[in-house]
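Please look over the sequence and the structure first, and then read on.

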Amino acid sequence: MRDIEELSDEECKLETNGLKEHSLTTEERDDIIRKYNADFLGESSKDTREIQEIKEHEVKFWGPQILGTPVDSEEEVITILQDLIPGIFKHQRFDNIRHQISMHMRTTQEFGHRNRVTYREIADFAKQNEYPSSTIEAWVLQKARPSSYRIINENALTKEKAEILVSEIREKLQGLDTQTSLDACLDTPHHEMRTKTLPYFKKDYENACGFYRFLDELVDGGVLSDIAKRVGIDRLDARRYIEEKSIPRVIRKVLNQSLDEVETIERRQLIKDEVQYNQLLCRHSHVLDMEGFSDMDRHMRGYLQLKEMQQSDTIPDIPQEELAEMLNISGDRLNLYLSGKSAPKLQSTLLLHEDLRLIYEGKLPPLAFENRVEPELVFRELHQYKDLENPDIDTLASSIRTIYEKTDISSNVRWLDLHRYTPTGQEWFKGVVNFCENNCSEIEQALNQQLGFDKHSPQRLRLGVISSRVYLRLENIRETDWMQIYNDEMFHFQGQETVDVLLSMAKERLDIKGEISLSRLVHQVADYDRTVTSRGMNSDLHSQASYLKGSTLSLLLDSCDLTIQDIQDEIFAIGRFDRRLIRNPKFSDDTMEIDMAFARLFGAGLSDGHIDQFRVFCYCEADVDRIRIFKKHVEFFGDVDYTETVDEKGTHDLRYSSVLGRMLENRGFTVGDKTVQNKGIPDFILNGPIEVQIEYLKQLWPEDGDFARITESHYSFRWTRAVALIDPEKDLKYEIERSSEQEIVSIIQKYGTYTEKNSFPNRESYPRYILTSAVLSEFAKCKDTTVSGPTSWLYSFIESNKPLLMRHEQALLDSFGVDTRDAFEDITYYVGTGRVSALFRAATKSLDDAMIVALIAPPDDKRKRLKVIKWVLSDSVRYQRIRDEVLAKGFQISLKEIEAEMQQ
């Protein structure tokens, strides 16, 4: 909200509807008159000003209103302001505001009811009321709104709203809501010693007094900047108090101080005993590096022993020489100590350093201590590198590891404070910081090796250096961690407030002042893959950014000891607005559920789906029920944007947001042609929990598989997989080297069957050679070696290149005790592309094998599932036997519908 400094009518800017704010100049008026003369009067000797004054113009008048309520008189305005904004009467220029409103009311009464008016009438009225004619012209002819109304309607707070804001602010003050209560707290020994002695206290205290005056004035409403000016505070501070609910630093310091410490601390005295002395030495270990410390320590301990004897009246009745010898100090020094004329230098040094420490730590944000490693531990572990220009990286990593392991901090990010705040000692800290910064990646690698974190570990320790801070972040790199899954995606929040709170809290905990420093840390301890802007700041930390990158958000959450589930309700979308999104994303905290959800998409997608070059995940299926089931599986991740088209054959083509495609790619889904690249099932399924493997198999049977009656008495689960043995264009694209291409093509052309039969609607011909397994086998048995030789070789070559995906799927079934058999069915050479593809089919061997699959991994498909149930019900004896065996092995029965039927 802004106020105006001057309200003289000659200088204030007047607002018009859609027009630039100005009054007509003399030149503009003359131009209007000349145009009038040319169009209507022709050449005339009449005076231009005379013509101007007699011409009538349309009246365009803004109807005065206060906060949406129309007003007809100055008295009515005053009455409304007294009720709604009584604070406006204290405005330093309220007389100007009132005068302008009064003049506008008179003008309204004079011209508001008319349709047309002349300049002469306006000029006469202005002269009569001693008011600028140009201002009245703007009101009457341009529908200009007086600035006074803008101040009242837009800039001023109502009393009701002001009372709410003041109440919210006072609630945060926890009883410290008056200057009197603040003074009472500051008068305690603790704040006398720890707060009032700080170099910035006087200014902070003045700000706090102004803050209280501001709150007292604000309750009646009014213009924020005017109130700030009246009470003597900066208008930007006033805005922060209102918009950010911030409070002055000295008040915040008092509120954050432990009550126990405030009540129990005494006014500082000199070091009273060896216990206190040892505590100070522990806090300021750097004084041990001072030249002559050994002698200073001896004098200090002797002095403290003597003081203790004096206080307890136990000084032995012996000559001073013997007493000095007993205390291990000189006789002259003993005399000075006994007389109280002198004290050891080390005492004043330690007390000075303690003061400097308190001043330095007093400037740290209150939350910073929650993530800060104890300085004593840092000094103790790093002191050995004091005089080393190039420490051994493994040794330094070992020291940092010790610091990390000996510190109990709840969040995953902690920082070592290597700031020098004392005049002696600690100079070598800077060298350690520089070495860490220059060798960050090597130290981080050594750290993870010593901690036993390898590429298979679910976490790793990251190292970053900003200014005099060394940051350690324990990063979760599990595949199921949502921040890894969405690492490079854009997170959009319900409101900017959540982002502001996260940024503010993280920077406070890490003692980072600005976004540029935070950007540098993100680049060091998170995988932020975009370059910084020319200003050195990450794009998502810019003040106008509407999102946070996953890598940035991950660091913020770790720093604040939060999880993505804690802020789930504040996130409304993931992705880019110019593309498709995942809206209302869901973040399950059950790793098993996450793997099972991905396994379902892999089971379906590796058959009837693919990820294109733009990372769009595409899924094609003709069965409407199956489409519905697949959509339901995708909903696990949220409301994923997609398009759906149906071709003339009834095949549904679903194209999902690229965010989903990148998620699947990160977990091992092949991008591009799956049969050419010939990759298998990712490890999280292949070697994952049984529940995850079963979810994958449930999707296999409805896609490239089925449950079929092979003979009169034999049923089997079976499925097909293809592998591209040659594809000249894509082999080059994927950098795949092959051999014997020409030989393979020649054999297929010679012994295969040529056809152009086409099942694709948009292709006129589809030339290809097909060589079936049966035909190739027959030729391989031919007595003519010129025939059997190459065909036998090709048969063996095909058998040795069975699709890796099928081999993995058979391995999954084998882990459940299910035996399978497989064979290739045919090999095809596509003339147009030069591609050679082999098709394989696998199936369960026995009825027992089929029954095991039916019970633990039945098809996730309505039609095929009913077919399996019907068969199981027809063979109740086998069902009962296999059921008992399955349960004995610890497997669960997934075909729940059977249980009730069999029990009846």
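About 40 Å³ of space lies in the second largest cavity, where a cavity is a set of points, on a 1 Å grid over the protein atoms alone, at which a 1.4 Å probe fits but cannot get out. Its volume is the space filled by probe spheres set on the points, which are joined across faces, edges and corners. The model is predicted, so that local features need pLDDT of at least 70 and side-chain atom pairs count only at pLDDT 80 or more, while totals for chains, interfaces and linings use all residues. Residues are numbered from 1 along each chain as its sequence is written, and side-chain values use heavy atoms, with hydrogens and water left out.

The second largest cavity is lined by Phe816, Ile852, Glu885, Val886, Lys889 and Phe891, lining residues being those with an atom within 4 Å of a point. This lining holds 4 nonpolar, no polar and 2 charged residues; Ala, Val, Leu, Ile, Met, Phe, Trp, Tyr, Cys and Pro count as nonpolar, Asp, Glu, Lys and Arg as charged, and the others, Gly among them, as polar.

The largest cavity holds about 140 Å³ of space, and of the 17 residues that line it, Pro375, Phe379, Tyr421, Gln426 and Phe429 are the closest to its centre. Helix H22 (375-382) and helix H16 (274-283) are the elements that give two or more residues to this lining, helices being DSSP runs of H or I with at least four residues and strands runs of E with at least two, numbered from the N terminus. H22 gives the most, with 4 residues.

Elsewhere, an open sheet of 5 strands has the order E11-E10-E12-E13-E16 with antiparallel pairing, where two strands pair if DSSP finds at least two bridges between them. Strand E11 (548-549) and strand E16 (639-640) are the edge strands, each pairing on one side only.

Trp482 and Tyr486 form a stacked aromatic pair, 5.8 Å centre to centre with 15° between the planes; rings of Phe, Tyr and Trp (its six-membered ring) pair if their centres lie within 6.5 Å, and planes under 30 degrees apart count as stacked, over 60 as edge-to-face and the rest as tilted.

The table lists charges over rings, for which NZ of Lys or CZ of Arg is within 6 Å of the ring centre and within 35 degrees of the ring normal.

| Charged residue | Ring | Distance from ring centre |
|---|---|---|
| Lys549 | Tyr528 | 4.0 Å |
| Arg667 | Phe598 | 4.9 Å |

Key
On a 1 Å grid over the protein atoms alone, a cavity is a set of points where a 1.4 Å probe fits but cannot get out, and a pocket is an open set with protein on both sides within 12 Å along at least five of seven lines; lining residues have an atom within 4 Å of a point.
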